[in-house]
Amino acid sequence: MKAVIATYAETPVLADLPAPTPSDVLIPVHMSAVALHNLTRGVADGRHYASPADPGFVIGVDGVGITADGRRVYVTTPGTAAEVVHVPESALTEVPDGLDDVQAAAAVNAVMSSWMAMTVRTQVRPGQTVLVLGATGGSGRPAVAVARHLGARVIAAGRNAETLAAVGADATIDLTAPEGEVAAALGAEKIDVVLDYLWGRPAELTLAALAHRGPAEFVQVGTMAGAEIALPGALLRSTDIRLLGSGFGSFTLDELAAARPHILDAIRGLGITMDVDPVPAERIAEIWRRDPAGKRVVLTLR
């Protein structure tokens, strides 16, 4: 069978591998779509904390395919970028009608990040104000819709003014403005929950704006603006604030499995769509380093 293999050198490669051995306890799934989101790319490049020590593994952490009995399923397991994967039933979630394979593959990981952050790591409640830092990114845009679905007032902060105007937030903050203006805009709001896809300097400005104004929860999801911040200890001592992370390792596999049907229903019910670029798997080397320009690349396998 064909599969996309990590090399840790330049780009993954499409290669021939032996077909998986049939099993009485594992279900074969013929894969159709695998998204190249940040998690997939990070693991495949060896940069993520979940990356294996050595290359030579099949890339992909999720995707959509069809079982032998005709079920269209979302699959979560390492090594999904292959024509066939064998997985336990617990790794499968049926894809609702009206949501196609490519959109489901592209959207679940993006929506999962905010869903798990706001329903498992913390519980966003109606009437709260949620600040989405990085609301113009591929995961930040659906995070606005999820927060509103949970009943929150939403402030969207990002660097693309056109996208900010279109995300459907109650208020926006342009992070390209001078720092003094950004700090003033953050300080003018009573923020209950921060959902942070950026870290770096935007996180520092936000945490400073929360000083002496708690209670608040700051949920860290991504590091698109920097891997580290300066965090004064006095801020934590003087403010009722909880710093949390949300990602694989901070919630359990059982919690994720329980959330998957709700995530898929939310994608369909809220009309969340991703700007996708479907690419056949044989073109993996061509597109691996290409700037997706805001689109989510989805490998197609049939």
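**Pockets and a helix pair**

Reader: How do the residues lining the second largest pocket divide by class?

Author: In this predicted model, the lining of the second largest pocket divides into 18 nonpolar, 7 polar and 3 charged residues.

Reader: And how many residues line it, and which lie nearest its centre?

Author: The second largest pocket is lined by 28 residues, and those nearest its centre are Val-61, Thr-76, Thr-77, Pro-78 and Phe-248. Two or more lining residues come from each of α1, β5 (72–76), α2 and α8 (253–269), with α8 giving the largest share, 5 residues.

Reader: What volume does the largest pocket have?

Author: The largest pocket has a volume of about 1400 Å³, while the second largest pocket has about 550 Å³. Of the 44 residues that line the largest pocket, Asn-38, Leu-39, Ser-139, Met-224 and Arg-296 are the closest to its centre, and by class its lining has 15 nonpolar, 21 polar and 8 charged residues.

Reader: Changing topic, at what angle do α2 and α3 pack?

Author: Helix α2 (residues 101–121) and helix α3 (residues 140–149) pack at an angle of about 40°, their axes being 9 Å apart, and the crossing of α2 and α3 is right-handed. On the α2 side the contact involves Ala-110, Val-111, Ser-114, Trp-115 and Met-118, and on the α3 side Pro-142, Ala-143, Val-146, Ala-147 and His-149.

Reader: How do those contact residues divide by class?

Author: The contact of α2 with α3 has 8 nonpolar residues, 2 polar ones and no charged ones.

Methods
Residues are numbered from 1 along each chain as its sequence is written. This is a predicted model: local features need pLDDT of at least 70, side-chain atom pairs count only at pLDDT 80 or more; totals for chains, interfaces and linings use all residues. Side-chain values use heavy atoms; hydrogens and water are left out. Axes are lines fitted to C-alpha atoms, for helices over the stretch in contact, and angles run from 0 to 180 degrees between N-to-C directions. Helices (H or I, at least four residues) and strands (E, at least two) are DSSP runs, numbered from the N terminus. A crossing is left-handed if the near helix is turned anticlockwise from the far one by less than a right angle, and right-handed if clockwise. Contact means heavy atoms within 4.5 Å. Ala, Val, Leu, Ile, Met, Phe, Trp, Tyr, Cys and Pro count as nonpolar, Asp, Glu, Lys and Arg as charged, and the others, Gly among them, as polar. On a 1 Å grid over the protein atoms alone, a cavity is a set of points where a 1.4 Å probe fits but cannot get out, and a pocket is an open set with protein on both sides within 12 Å along at least five of seven lines; lining residues have an atom within 4 Å of a point. Grid points are joined across faces, edges and corners, and a volume is the space filled by probe spheres set on the points.
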